[in-house]
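Hello,

Here is the structure for you to look over. My notes follow below it.

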Amino acid sequence: MAKFPSEAWIQLFKEKVNSNPEYAEAAKNWEGDFQFIVTPDEALDRELIFYVDLWHGKCREVAVLRSREERKTAFTWRGAYSNWKRLISEKRDPIRDLLTRKFQLEGDMIRIMRAVRAAQELVKTAASVPTEFV
Amino acid sequence: MVFSLWWFLSPEIVFGEDALDYLEQIKGRRAFIVTDKTICGLGFVDIVVAKLRKAGMEVQVFDGVEREPSVENVSKGAETLTQFAPDWIIGLGGGSCIDAAKAMWVLYENPNLRVEEINPMTELTLRQKAKLVAIPTTSGTGSEATWAAVITEPKERRKMELPSKQLIADIAILDPALPTLMPPELTADTGMDALAHAVEAFASTWSTDFTDALALKAIKLVFENLAKACSNRKDRQVRERMHNAATLAGMAFSNSQLGVAHAMAHSLGGVLKLPHGKTVGMMLPYVIRFSRKEAAERYADILQNLGVSTGPGEDSADVLASTVERLMRQIGETLSLEEWGIGREIFTNALDLLVERACESTLPALSPRVPSEAEVRKLFEYAYEGRRVDF
């Protein structure tokens, strides 16, 4: 069990991604790293930023960043803590959450729109991490 | 189940006999008609031009829309449109013309944007220069009611699905006189497109109470009227019902999205240049059977809506797929790629790209059963041979 968001959680997430054959297939052509930014709200008092490097169906590296400027990434996926909690705990559709502006995405939208299934598999993977929310 | 935040979008819908007269009430200075040469030849453009002139507008016509319009085609049209600087854009024709009008509208108002950059996450600037009227002349595309356009990239052999909440017509005009000139084959193809829209919208994981009501009504209208429309093109009432069914289905799928049949049909269209209505209709029974377990209740609801009962030991997917196949036979549609006359070698050579393009689509991910790449390949192979899906 790991607390979300934390270094321990993102490490467990990496392990889960790398042992998920459905994600491996859905994302076999994917190249691009992310900043997953958890912005503060009533339940979280500070911003937390995960670095996640996804490459051809595998997760090559994860890290907790100190600031958004620490690493430049191809994509940024940003949302309030409560929305992250619902996304992961309720296995919500990430694309629908983007469309309804629960999350903001920056990066090459054409590539994202061709990787919807990979994004869904990523959420399912996150949901499989034994998680304790703050 | 409680729905998460979502919305329902629709244009103002003007319908019924003489619906085109509504154009005379539109206020503006300049109208730009986006259409093709066939529609011009049928005399529809002259009628629309006359009504717009009666409204006091200066009118220019672009009749160069290609079947399954390409990025280049719409870019060329957008240049002419920009020079004319209209405050109304009129998409007149089948899905190709309306989709082309939408794409040209985007380029007119967002000159620095590329067509392929249209996506649902980035807000488009529209309605600063012009508004859009969509007038379908076929009964199937639904584009008059949707917030998306389908544009092809011929070099990549790809049909791009380009959705954006802003990309919806302000007014859709459904005049039942327009589809009466459709020949039986086009009536059948476009009618199957409408049916596939409605079935996939109803089975979609994004369906809602609002889209369900529209989809079920559309399905019922198609089953009651499509065969009649194919056999008697002059029956205005039947034509009107099919025209309405297509728009209802468009409203449904635009707000709940589509599924695997459309992803595969778009792939067949992009890679092998096969017409959309025929391919999507053909794929529908395969995809219904593929989702037999996950969508069993949804398919049972459709059958109940149609008054079709399932016998002992029958499952709803099989009964629905067979019901669709019977309709297809009745209206002269083919049930497999092989029956259609697509050569085995052509199919085999194209198969890898067909699978790749279908898997790139956003649509399979919203289906009741999300297929793996291997399952998409198998679905194509079954659809080629006409085999009943058993996996």
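Is Asp212(B) buried or exposed? Asp212(B) is buried, at a relative accessible area of 14% (buried is under 20%, exposed over 50%, partly exposed in between, with a 1.4 Å probe and protein chains only). Its side chain meets that of Arg298(B) in a salt bridge, 2.6 Å from N to O (a side-chain nitrogen of Lys or Arg within 4 Å of a carboxyl oxygen of Asp or Glu). The two sit in distant parts of the chain, 86 residues apart: Asp212(B) in helix H6 (residues 209-231) and Arg298(B) in helix H10 (residues 296-306) of chain B. Helices and strands are DSSP runs numbered from the N terminus (helices H or I, at least four residues; strands E, at least two). Arg298(B) is partly exposed, at 22%.

Some ground rules. This is a predicted model, in which local features need pLDDT of at least 70 and side-chain atom pairs count only at pLDDT 80 or more, while totals for chains, interfaces and linings use all residues. Residues are numbered from 1 along each chain as its sequence is written, chains are lettered from A and ligands numbered from 1 in the order written, and side-chain values use heavy atoms, without hydrogens and water.

**Domains of chain B**

The assignment gives domain 1 (12-180) and domain 2 (182-385); such bounds come from an automatic or database domain assignment. Their C-alpha centres lie 25 Å apart.

Elsewhere in the list of pairs, Arg357(B) bridges to Glu156(B), with the closest N and O atoms 3.8 Å apart. Glu360(B) pairs with Arg158(B) at 3.0 Å. Glu360(B) is in helix H13 (residues 344-360) and Arg158(B) in strand S7 of chain B, so this pair ties together parts 202 residues apart in sequence. Glu360(B) is buried, at 16%, and Arg158(B) is buried too, at 10%.

**Chain A against chain B**

The contact takes 20 residues from chain A and 26 from chain B. About 2,200 Å² is buried between the chains, 61% of it on carbon and sulfur atoms. Arg96(A), Leu99(A) and Arg114(A) supply 34% of the area that chain A buries here, more than any other three residues. The rule finds three salt bridges across the interface. Glu123(B) forms a salt bridge with Arg101(A), the closest N and O atoms being 3.9 Å apart. On the chain A side, helix H4 (94-99), helix H5 (109-113) and helix H6 (116-127) each give two or more residues.

**Within chain A**

Arg71(A) and Glu61(A) meet in a salt bridge at 2.7 Å, N to O. Arg71(A) lies in the loop between strand S4 (58-65) and strand S5 (75-80), and Glu61(A) in strand S4, so the pair ties together parts 10 residues apart in sequence. Both are partly exposed: Arg71(A) at 28%, Glu61(A) at 29%.

**One more site**

His262(B) is in helix H8 (residues 260-272) of chain B. His262(B) is buried, at 1%. Beyond four places in sequence, its contacts include Asp193(B), His197(B), Glu200(B) and His276(B).

Best regards

Terms used. Contact means heavy atoms within 4.5 Å. Buried area is the accessible area (1.4 Å probe) that two parts lose on being put together, summed over both.
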